[in-house]
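Trainee: I'd like a close look at one part of this model, please, and then at what lies beyond it.

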Amino acid sequence: MKKGLIMLVRFYQQGISPLLPPSCRYYPTCSSYMIQAIQKHGAFKGLIMGTGRILRCHPFIKGGYDPVPDYFTVRRNKAQR
């Protein structure tokens with residue numbers, strides 16, 4: 001399951017993302033964050049964390065450095081605000 005989800009995100013990174021204008025507000029990018037979250041927390045929790053990150057990304061957010069935390073949460077990493 002983990003490998004399948006990571007393959008889907010890699011497909012997006014290599015096949016779809018280059019066709020779109022760059023608009024990332026966070027570092028690491030949402031797709032990289034999703035992969036790291038899946039690797040660190042497993043398929044289910046990682047998918048939830050990555051989806052939460054994508055939903056947080058909008059024009060009214062400041063963005064910035066937001067690494068994958070060591071614990072499960074869908075909120076932004078408090079230490080980096």
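What is the relative accessible area of Ile16?

Mentor: Ile16 has a relative accessible area of 35%, so it is partly exposed (buried is under 20%, exposed over 50%, partly exposed in between, with a 1.4 Å probe and protein chains only). This is a predicted model, where local features need pLDDT of at least 70 and side-chain atom pairs 80 or more, while totals for chains, interfaces and linings use all residues. Residues are numbered from 1 along each chain as its sequence is written, and side-chain values use heavy atoms, without hydrogens or water.

Ile16 sits in helix H1 (a DSSP run of H or I, at least four residues; strands are E runs of at least two). Together with Phe11, Tyr12, Leu19 and Leu20, Ile16 forms a nonpolar surface patch of about 520 Å² accessible area (Shrake-Rupley, 1.4 Å probe; members have over 30% relative accessible area and no salt bridge, with nonpolar side chains joined within 5 Å and like charges within 9 Å).

Now for the charged side chains. The whole structure holds 3 salt bridges (a Lys or Arg side-chain nitrogen within 4 Å of an Asp or Glu carboxyl oxygen). Asp70 pairs with Lys40 at 2.8 Å, N to O, joining the segment after strand E2 to helix H2, 30 residues apart. Asp70 is exposed at 67%, whereas Lys40 is partly exposed at 43%.

Asp66, buried at 0%, pairs with Arg56 at 2.8 Å and with Arg53 at 3.8 Å. Arg53 is buried at 0% too, and Arg56 is buried at 15%. Shared partners join Arg53, Arg56 and Asp66 into one network.
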